[in-house]
Amino acid sequence: MQPYAWGSRSAIAEIQGRPAPAPGPEAELWMGAHPSAPSGLHRDGRPATLDQVIAADPERELGPGCTARFGPRLSFLLKILAPEKALSIQVHPDRAQAEAGYRDETGRGVPAGDRNYVDDWPKPELLCAVTRFEVLAGFRPTGDILALLAELDVAPLRPVAGELENEPGPAGQAGALRRILGWPADQRDRLLAGVLAACARVAAGGGRYAAACAAVTRIAADHPGDLGLVAALLLSYTVLEPGEAVYMAAGGLHAYIKGVGIELLANSDNVLRAGLTGKRIDIPELLRLVDPSVPVPVIHPRRLSGPVLTYDTSAPEFRLYRVEPAGGEVPLPDVGPRIVLCIDGAATLRTSGGDSVKLGPGESCFVPAADGDVTAGGQAVLFAAASGCDS
């Protein structure tokens, strides 16, 4: 469990059937083998951690195909995400950027608390809504940014609009972000006061931008004086309905606002932040990585067969499935290493050799590649994370 300050005190506890509210914020429940927070598990009646189990026999746990492609490391990390307050505006690196950044910071002896790159892996991620989930994800089209700025009519932002009119493509969008995040310190209070007053006016008036402006005013209560509130105007505001998802590729700027979701990502914790946070911010490095042209469409699940749905992405490190056995026995999709999470009801997983494990709400298990074909039975809602490779 990650107790970040923006986390809910009730959402994960309610999924797991624990008393709520919890003593403190519970932001993310990690299921995986990231070296900073590997999951605990029981193997042959003994406690261990998932990274230890994999290191002891990578080919058995991951399969030879996954080991050859990604090395002796689980390629994905599964989370329950439960923000009560907005997360930071952030971007993630691709593989080449992560490897170069990690190598550079390690070579310079940068201490852990001052690093941008805590590992050498990329961090594409898929967020699937369990409840309605508010997100700021990807840049608005330039015409949409200009229309929003015109409706807000904040005098200090008129030069930003002018630059976007002169350069309407990704370079202009990146330039607008750079200008906002680099706003002179002695002029920030005036800018923020004007933006927040205008957002309150637009939110109260209804119309096309009311919901997005209302979100900015709510975020301001938790992040007063933060330029990320102005940068948020450049991003597309979306409310995901349960079952819908967004995929964030490398370079995609985003901030998750509120809701409960399942997040599946490459096995990394590399985050470059621009605002809406008390954590480390490195604006020059973020601006170097950000790519306004990255599309962030809403993804709807595709039915594979019967009660098995999948979410299609271009990430090579992972695949996400939703499985609802509804009383019958359903073959668990994919091969290789998998993590299965139950978020409702109860399920029993069985191997072809007769081994079984029962899962209740909020419980999860690791399925090693050596287990082969596995079925899921019961009345349950399951999410299955798999590596994006053949065993």
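**View 1. The largest pocket of this predicted model has a volume of about 740 Å³.** A pocket is found on a 1 Å grid over the protein atoms alone, as an open set of points where a 1.4 Å probe fits, with protein on both sides within 12 Å along at least five of seven lines. Its volume is the space filled by probe spheres set on the points, which are joined across faces, edges and corners. The largest pocket is lined by 30 residues; lining residues have an atom within 4 Å of a point. H42, V357, C365, F366 and V367 lie nearest the centre. Five strands each supply at least two lining residues: β1 (28–31), β2 (40–43), β18 (338–351), β19 (356–359) and β20 (364–367). The lining has 14 nonpolar, nine polar and seven charged residues. Here Ala, Val, Leu, Ile, Met, Phe, Trp, Tyr, Cys and Pro count as nonpolar, Asp, Glu, Lys and Arg as charged, and the others, Gly among them, as polar.

**View 2. The second largest pocket has a volume of about 590 Å³.** Its lining counts 31 residues, with W6, S88, R273, T277 and K279 closest to the centre. Two or more lining residues come from each of β4 (76–81) and β10 (254–258). By class, this lining divides into twelve charged, eleven nonpolar and eight polar residues.

**View 3. Helix α7 (residues 158–166) has V160, A161 and L164 as its buried residues.** Buried means under 20% relative accessible area, exposed over 50% (1.4 Å probe, protein chains only). The three cover an arc of only 100° around the axis, so they sit on the same side of α7. That arc is taken from the directions from the helix axis to the C-beta atoms. An α-helix has 3.6 residues a turn, so residues three or four places apart point the same way. The buried residues of α7 pack against α6 (142–152) and α8 (170–181), in contacts with heavy atoms within 4.5 Å. Exposed E165 and N166 lie on the face turned away from the buried side.

**Setting. The protein chain has twelve helices and 21 strands.** Helices (H or I, at least four residues) and strands (E, at least two) are DSSP runs, numbered from the N terminus. Buried residues make up 55% of the 391 residues.

**Notes.** Residues are numbered from 1 along each chain as its sequence is written, and side-chain values use heavy atoms, leaving out hydrogens and water. The model is predicted: local features need pLDDT of at least 70 and side-chain atom pairs count only at pLDDT 80 or more, while totals for chains, interfaces and linings use all residues.
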